[in-house]
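Here are a few notes to read alongside the model. Have a look at it first, then work through the points below.

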Amino acid sequence: MHKTLLIALATTTMLVAPSHALDLKVAVQNLPATLDPGKDHSNTGSQIYYNAFDPLIEKDYAAAEVSFKPGIATEWKQIEPTIFEVKLRDGVKFHNGATVTAEDVVFSFERIINEATPEFGSVKKQFFNNFEKVAAVDATTVRFTTFKPEPLFETLLNTSEGSIVPKAYIAGLSGDPAVVEPSDFDAFGLAPVGTGPYSIQNFQPGEGLTYVKFADYWGDKAPLDSAELRRIPEMATRITALANGEVDLITNVPPDQLATIEANPNLKVEGAVTPLFHVVFFNTENPKMADKRVRQALSMAIDRNLLNEALWLGKAVVPSTHTYPQYGELYMPELNTFEYNPEKAKELLKEAGFEGQTVRYDTDPVYYTNGLLAAQAIKEMWAAVGVTMDLKVDPKWTGDDKDMESRNWSNPMYFADPAGSFGTMWSPTGARITGGSWKPNEAYTEMWERFRYSTDIATRKAAYAEIMAYVKDEAPVLVLYQPYESYGMTKSLEWKPLPGHIPYVLDFRAGAVAFND
């Protein structure tokens with residue numbers, strides 16, 4: 001603990017910003033159309049929330065290993081196996097000047113667990129499905145009651161989705177100011193208010209926003225006076241804007257463009273393997289994809305290592321199973337869920353009577369770095385085993401469409417546990433099951449319950465191994481790789497993605513960003 005603290009203090013000292021005004025300009029590939037951390041877990045939203053919102057429990061983001069620390073809650077304890085209490089920090093202010101109350105904390109979670117809108121219902125199923133109720137014990141104490149013992153209590157209260165928002169402000173945004181209505185949440189998404197070191201100003205949905213230093217922030221003050229984010233979807237245009245000095249930082253730089261930036265003496269690059277998987281998934285409810293042998297074959301036909309070398313210059317990570325090193329004791333690279341075997345793929349297709357058929361594959365043109373290029377390469381790999389790909393390039397999300405056959409997607413690590421990546425997407429209440437593209441059997445639900453709610457690591461590991469064996473046989477999804485995401489920036493900027501964050505977070509808090517004179 002002492003060593004971690006010393007490293008954190010040293011890092012903060014090195015990144016102390018000078019006293020003159022500091023304004024950062026950032027060009028991003030995508031921006032969300034609405035901003036509310038409680039009902040959004042998109043990759044585009046993940047970029048934004050940490051600068052403007054706070055969870056109850058914080059952690060050290062400079063390290064991949066989990067180390068929790070006080071946030072809006074100064075302390076927390078387990079009262080009973082299904083009851084937890086948190087003590088709230090005094091004097092925390094929202095960006096509108098209101099003081100955070102226990103009522104605000106209760107409201108921030110009740111809107112999710114009571115499914116105030118369908119979007120909150122989705123977040124509940126993927127994050128807080130075990131939360132039964134939240135109540136204020138007194139002015140500074142909030143009690144959480146769960147249906148089952150909750151091994152991930154601290155972890156869940158650290159998520160972006162658990163950020164604290166102002167009840168009275170939201171209620172007053174539309175209709176009756178004494179009643180919180182669905183339209184209030186829509187309005188909040190366009191005029192968000194949090195407790196973080198920056199407030200959000202000038203939000204233009206999908207196009208831009210400005211962070212402005214919040215003078216009354218309870219913690220370490222923001223090092224920047226402002227940070228302006230604007231969407232520039234075209235890679236070449238982002239690089240030009242950086243080279244011309246129009247922006248200081250650009251996101252989503254593919255490996256084949258790094259040399260262009262590095263050749264400029266005024267620029268540099270930073271990058272890291274992102275805690276997120278690019279995946280291919282299949283609609284098992286579509287008759288064409290109903291035979292698991294077809295899904296197995298299409299997965300086995302994809303040479304993931306070749307994709308890594310060709311698209312990421314070998315910098316991405318090709319996993320053997322759905323697991324991340326950040327899981328600690330639950331990191332299980334010894335499992336072999338995915339394999340490349342084109343000859344076996346041909347045999348399976350022949351057995352299934354699927355030779356010479358066409359499979360539709362959907363992709364957004366720019367949402368995922370190298371997403372379209374990967375799709376084009378996979379098209380050739382499928383052709384090599386006798387399957388023709390009908391490549392559909394469209395920004396429309398088709399993952400829940402009944403006629404969807406296959407497409408790309410991402411499985412981010414929302415928190416450092418298999419429940420925080422595989423679970424949010426593929427558990428019985430995960431996005432793909434509730435979205436209707438896969439219907440596992442009852443035995444799978446039993447495996448998941450055993451894994452999710454056990455407090456014994458050995459039991460959880462054994463159950464997760466069973467789950468991965470089932471996934472290997474059913475083949476609803478193929479993990480392609482963890483992408484290596486790169487950022488271009490002016491040489492005077494000191495910033496890099498921190499390993500303890502979820503994917504794509506643009507952390508501009510104290511100790512994370514500075515300009516050199």
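1. Start with Ser174, which sits in the loop between helix H6 (167-171) and helix H7 (182-188); helices here are DSSP runs of H or I with at least four residues, strands are E runs of at least two, and both are numbered from the N terminus. Ser174 counts as buried, at a relative accessible area of 19% (buried is under 20%, exposed over 50%, partly exposed in between, with a 1.4 Å probe and protein chains only).

2. A word on the ground rules: this is a predicted model, where local features need pLDDT of at least 70, side-chain atom pairs need pLDDT 80 or more, and totals for chains, interfaces and linings use all residues. Residues are numbered from 1 along each chain as its sequence is written, and side-chain values use heavy atoms, with hydrogens and water left out.

3. Back to Ser174: setting aside residues up to four places away in sequence, Ser174 touches Glu181, Ser183 and Asp184 (contact means heavy atoms within 4.5 Å).

4. Now try the other loop. Thr274 lies between strand E12 (267-273) and strand E13 (276-282), and is buried too, with a relative accessible area of 6%. Beyond its neighbours within four places in sequence, Thr274 is in contact with Gln482, Pro483, Glu485 and Pro503.

5. Finally, look at helix H16 (residues 442-453) and helix H17 (residues 457-474). Tyr444, Met447, Trp448, Arg450, Phe451 and Arg452 in H16 meet Thr459, Arg460, Ala463, Tyr464, Glu466, Ile467 and Tyr470 in H17.
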